[in-house]
Amino acid sequence: MTYAIDFPGITTLPVAESHQAFPVGRIYCVGRNYAEHAREMGHDPDREPPFFFMKPPDAIVMSGATLPYPTITQDLHHEIEMIVAIGKGGRDIPVEKALDHVFGYGVGLDMTRRDVQGEAKKMGRPWEMGKAFDESAPCTALKTVAMVGHPAKGAITLKVNGVVKQKGDLSEMIWNVPETIAYLSKMITLRPGDLIMSGTPSGVGPVQRGDKLEGHVDGVGDLTISYAR
Ligand code: MN
């Protein structure tokens with residue numbers, strides 16, 4: 001069988017220290033998963049159930065890239081996040097079995113057109129044009145569970161032009177990784193290849209043309225992205 005059209009093909013992420021690639025299916029993002037970030041966005045961080053939005057797999061761009069400033073925004077924001085890569089699918093996954101479904105971890109950015117998202121919130125409209133645009137998901141290569149275990153504590157930071165803007169700890173997640181997988185798998189059937197962006201700590205803020213972003217998650221890796229002038 002051949003495709004009827006010239007199709008760009010599937011998105012993959014490199015697996016660190018390997019010649020293999022991880023094929024990316026869907027990207028699920030957790031909203032407001034660190035209390036300080038929920039507060040800075042004007043919400044009560046009490047343990048309301050987690051909520052999710054999505055990005056398309058082709059929003060991924062590899063760490064190291066220089067990106068054009070996105071269209072239709074004057075207020076692009078950075079959100080540094082740990083990425084969870086699902087290796088084994090399932091639905092109604094119990095919390096205590098959830099980590100068996102993880103292939104590995106990476107460092108990512110949930111780039112956000114905050115002005116577009118804000119307008120959508122105000123009008124009761126969907127968030128996609130604020131969240132799911134071209135090159136909105138910079139990522140590192142993935143590290144396998146064999147390499148990094150299951151990171152549950154450790155610093156998660158983001159610098160803009162060398163200045164620390166976001167600083168949190170993985171242990172501050174409102175819903176930890178196993179709980180997030182359990183919740184999400186009640187709403188949809190998780191598939192191998194799915195990625196979960198696990199939420200961002202406080203300190204989100206604007207990115208200007210010419211800025212250099214440097215993200216870090218202890219034990220998982222480092223990400224660098226620059227924006228063109
Ligand atoms: Mn986010």
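**Strand pairing and a histidine**

Reply: Strand β6 (residues 66-67) runs parallel to β18, and two bridges join them. Strands here are DSSP runs of E, at least two residues long and numbered from the N terminus. Two strands count as paired if DSSP finds at least two bridges between them. The model is predicted, so local features need pLDDT of at least 70, side-chain atom pairs count only at pLDDT 80 or more, and totals for chains, interfaces and linings use all residues. Residues are numbered from 1 along each chain as its sequence is written, and side-chain values use heavy atoms, with hydrogens and water left out.

Thr66 has Ser226 as its bridge partner in β18. Strand β17 (residues 212-217) also joins β18, by six bridges and in the antiparallel sense. There, Val217 is bridged to Gly221. The hairpin of β17 and β18 has three residues between the strands, and Gly219 takes a positive phi near 80°.

Side chains alternate along β18 (residues 221-227).

Now the histidine. His77 lies in strand β7 (residues 76-78). The open sheet there has three strands in the order β10-β7-β16, with antiparallel pairing. β10 (112-113) and β16 (205-206) are the edges; each has a single partner strand, so one side of each lacks a neighbour in the sheet. Two bridges pair β7 with β16. His77 stands opposite Pro206 in β16.

Is His77 buried or exposed? His77 counts as buried because its relative accessibility is 10%. Its side chain makes a polar contact of 3.3 Å with that of Asp75. A polar contact is a pair of N or O atoms within 3.5 Å; within protein, one must be able to donate a hydrogen and the other to accept it, and residues adjacent in sequence count only if both atoms are side-chain atoms. Beyond neighbours within four places in sequence, His77 is in contact (heavy atoms within 4.5 Å) with residues including Asp110, Thr112 and Val207.

Asp110 (OD) is also a protein donor of the manganese ion, with Glu79 (OE) and Glu81 (OE), at 2.0 to 2.1 Å. Donors are N, O and S atoms within 2.8 Å of the metal (3.2 Å for Na, K and Ca); water is not among the atoms, so sites may look incomplete. Glu79 is buried at 4% relative accessibility, and Glu81 is buried at 0%.

Definitions and conventions. Helix = DSSP H or I, 4+ residues; strand = E, 2+ residues; numbered from the N terminus. Buried < 20%, exposed > 50% of the residue type's maximum accessible area, 1.4 Å probe, protein only.
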